[in-house]
Every structure is written in structure tokens, then in C-alpha cells.
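This note sets out some points to follow while looking at the model. Please keep the sequence and the structure open while reading.

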Amino acid sequence: MLSIEAYRDTFISHLEEAFVTKEPVNLYEPINYILNIGGKRLRPILTLMTADIFGKNYKDAIHAAMAIEMFHNFSLVHDDIMDDAPLRRGKETVHEKWDLNTGILSGDAMLIVAYQFFENYKPETFQKLAKLFSKTAIEVCEGQQYDVDFETRDDVTIEEYIKMITYKTAVLVGAAMKMGAIIADSNEEEAQAIYDFGLNLGIAFQLKDDYLDAFGDPKTFGKQVGGDIIENKKTYLYLKTLEHLTAEEAQQLHHLYSISPNEASNKIQTVKELMVSSKAAEATLEAIEDYTDKALEILNKLSIDDTKKDALRDFANMLMGRVV
């Protein structure tokens with residue numbers, strides 16, 4: 001087993017060599033741009049790491065790791081267009097740096113290129129990877145649609161929110177890990193167990209993102225703290241806050257989420273105070289811990305040695321302890 005940094009370095013080196021700008025430049029340069037402006041590389045690291053855990057040379061999983069990262073960044077390009085976001089990882093978004101049509105077309109190309117990486121595997125493995133990838137891709141689209149639908153609804157439940165982030169975020173984490181298991185020729189039971197591990201970890205990861213968006217340190221978080229509040233996003237934190245407010249306080253929160261920040265200069269601070277006083281902030285941290293524990297419990301089903309289980313535990317705990 002390698003360190004997380006070693007898996008990341010291996011992947012980034014391959015990424016830099018594997019994808020170069022070619023003609024037409026205005027199609028491929030934006031792809032190269034979005035792939036190289038940073039990111040945690042969480043998903044491809046998990047693909048390489050999982051192949052290693054199940055006894056395969058992790059380098060054999062590099063093409064699947066590339067597919068996962070390409071798809072993830074494709075989804076970011078299109079998400080940024082839908083949100084009209086000006087920045088991604090502190091840099092101009094693709095559609096801002098180029099234009100809307102370029103963002104759409106380059107994103108489309110990324111989805112196709114992602115599938116092409118699976119062509120490097122033998123037919124049986126290709127079929128399993130492509131089937132999982134197609135299932136995951138449509139679920140991510142469904143999750144994005146749920147997210148869009150929630151913007152105009154005032155009756156979103158916590159169960160619905162968990163379903164949305166499961167589809168939009170967590171299934172890709174689970175798929176990244178299951179692909180490593182598929183490449184390592186593990187049995188279906190273990191491949192599904194590692195998928196479930198990744199799924200629960202992905203839910204915890206998104207809930208931690210929700211929490212950091214409101215309560216992260218501006219110096220380390222990497223983007224504006226309170227962004228979800230500004231955009232009136234109905235996150236787990238928001239929904240949990242509503243559950244525990246008085247009718248008067250709930251009315252106040254609904255009002256705050258119906259106005260722009262320009263109309264209430266203290267909007268972020270007021271909402272955060274309600275999140276704390278209602279114990280929603282504390283409940284969100286408990287939910288993060290619960291989903292992390294669910295992921296860790298699944299390790300008991302895996303017939304891998306304890307040192308490899310420890311590596312997965314350390315990775316999960318590292319993610320949950322992050323401040324960015």
C-alpha cells in the first residue's frame with residue numbers, strides 16, 4: 001500500500017501525460033484547463049487504492065481512475081453553467097473563460113472521452129466497468145435534477161435531501177471504489193461491499209461540505225463561507241434547523257431564504273446563529289459521524305488483511321477531519 005500522496009502523485013503524473021491539447025484547440029484546451037486547476041483527486045485516488053487493496057497492481061486501474069476524474073470534471077463544467085458560477089477552485093469557470101457554447105461542447109466531449117478510457121481493458125472487464133459507469137452517470141444526472149427541483153420547493157424533507165446527495169455525489173465515490181475492485185477481479189460480494197463503503201463515505205463527505213460551507217475557516221475553506229446561505233440552498237443544515245425552530249423562528253428563516261443578501265447584510269450571521277441555537281450544527285456533525293461509522297462497519301465484511309482495513313479507516317477519518 002502507498003500513501004495517499006503517492007497515489008495522488010502517480011495519478012497527476014499520468015493525467016499530465018495522457019491528456020494534451022490537440023485540434024480543435026477550442027474544444028480540448030478547456031478540458032485541459034479544468035483538469036489542471038486543482039482538486040482533491042479523491043475519486044481517482046480511491047480507484048487506485050481499491051485495486052491495490054484487492055491485490056492488483058494499482059497502475060492497472062489508472063485508466064478507470066482517469067475515466068472517473070474526467071466524468072467528475074465534466075459534471076463540474078455543466079454544473080457551473082447551470083449555476084452561472086464565475087469561479088471554480090478560485091479560477092474562472094470554463095464558460096466564463098471561454099463562452100457558454102464552448103463550456104457545453106467541451107463538457108460533452110469529456111463525457112465521451114471518459115468512456116473511451118475503458119477501452120484499455122479486456123472485454124469482460126470493459127463490460128462491467130461500462131455498465132457501472134452508465135448506471136452511475138444517469139444517477140448523477142438524476143441527483144442534479146433533484147437539486148434543481150429543490151430550489152423552488154419549500155417542502156423538501158431530510159430523506160429527500162439525503163437521496164439527492166447520494167445520487168449527485170456519493171454514487172460516484174462508490175463507483176470509483178467498485179471499479180478498482182472490478183479491475184482486481186474481486187467477487188461481486190466484496191465489490192458491492194466496497195461500493196457501499198464508498199457510498200456512505202460520499203454522503204458523509206457531502207454533509208461535511210455542507211457544514212464547512214457555513215462554519216469553515218475562510219482562510220482554509222477555499223471559497224466564500226456562507227455561499228449556500230447566500231444561494232438559499234436547502235442543505236441538511238438548513239432542513240435540520242427548520243425541524244427544531246419555533247413557528248416564529250421558522251418564519252424568520254423562511255423569510256431570510258426568500259431574499260437576496262443585499263437586502264439583509266447580516267443574513268449569513270443570523271442564519272448561522274439559528275443553526276447553532278437549534279442544535280442543527282451539532283446534529284449535522286453527528287450525521288457525518290454516523291455515515292462515516294456506517295462506512296467503517298462495512299470493512300468487517302471484507303476479506304482483506306487488517307493493515308489494508310486500517311488504510312481505509314485512516315482515509316475515512318482523514319476526510320471527516322478535513323477543514324477544506
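1. The lining of the second largest pocket draws at least two residues from each of helix 7 (123-150), helix 8 (158-183) and helix 9 (188-215). Helix 7 provides the largest share, six residues. The model is predicted, and the pocket described here is a computed feature with a space of about 320 Å³. Its lining consists of 17 residues, and K128, K178, I182, E188 and A191 are the closest to the centre. Sorted by class, the lining contains eight charged, five nonpolar and four polar residues.

2. Two of the residues closest to the centre of that pocket, K178 and E188, also form a salt bridge, with 3.3 Å between the closest N and O atoms. This pair links distant parts of the chain, since K178 belongs to helix 8 and E188 to helix 9, 10 residues apart.

3. The structure holds 11 salt bridges. Another of them joins R153 to E160, where the closest N and O atoms are 2.9 Å apart. R153 counts as partly exposed, at 23% relative accessibility, and E160 is likewise partly exposed, with a relative accessible area of 28%.

4. A further salt bridge connects E243 with K240, and the closest N and O atoms of this pair are 3.3 Å apart. Both residues lie in helix 12 (residues 236-243); because they are three residues apart there, about one helical turn separates them. E243 is partly exposed at 48% relative accessibility, whereas K240 is buried, with a relative accessible area of 17%.

5. In soluble globular proteins, nonpolar side chains tend to be buried together. Which residues have the most contacts inside the largest nonpolar core of this model? They are M70, F197, L207, L312 and F315, in a core of 109 residues. Helix 8 gives the most to this core, namely 16 residues. The surroundings of F197 can be listed: beyond its neighbours within four places in sequence, F197 is in contact with M177, A295, L296, I298, L299, L312 and A316. Among these, L312 is itself one of the residues with the most contacts inside the core.

6. L302 is found in the loop between helix 15 (280-298) and helix 16 (306-320). Although placed in a loop, L302 counts as buried because its relative accessibility is 4%. Its contacts, leaving aside neighbours within four places in sequence, are F54, E190, A193, I194 and K309. L302 and E189 are 113 residues apart in sequence, yet their C-alpha atoms are 8.8 Å apart in space.

7. H72 is part of helix 4 (residues 62-83). With a relative accessibility of 13%, H72 counts as buried. Which residues does H72 touch, not counting those up to four places away in sequence? The residues are R43, R89 and L172.

Technical notes
Residues are numbered from 1 along each chain as its sequence is written. This is a predicted model: local features need pLDDT of at least 70, side-chain atom pairs count only at pLDDT 80 or more; totals for chains, interfaces and linings use all residues. Side-chain values use heavy atoms; hydrogens and water are left out. On a 1 Å grid over the protein atoms alone, a cavity is a set of points where a 1.4 Å probe fits but cannot get out, and a pocket is an open set with protein on both sides within 12 Å along at least five of seven lines; lining residues have an atom within 4 Å of a point. Grid points are joined across faces, edges and corners, and a volume is the space filled by probe spheres set on the points. Helices (H or I, at least four residues) and strands (E, at least two) are DSSP runs, numbered from the N terminus. Ala, Val, Leu, Ile, Met, Phe, Trp, Tyr, Cys and Pro count as nonpolar, Asp, Glu, Lys and Arg as charged, and the others, Gly among them, as polar. A nonpolar core is a set of buried Ala, Val, Leu, Ile, Met, Phe, Trp, Tyr and Cys residues joined through side-chain atoms within 4.5 Å. Buried means under 20% relative accessible area, exposed over 50%, partly exposed in between (1.4 Å probe, protein chains only). Contact means heavy atoms within 4.5 Å. A salt bridge is a side-chain nitrogen of Lys or Arg within 4 Å of a carboxyl oxygen of Asp or Glu.
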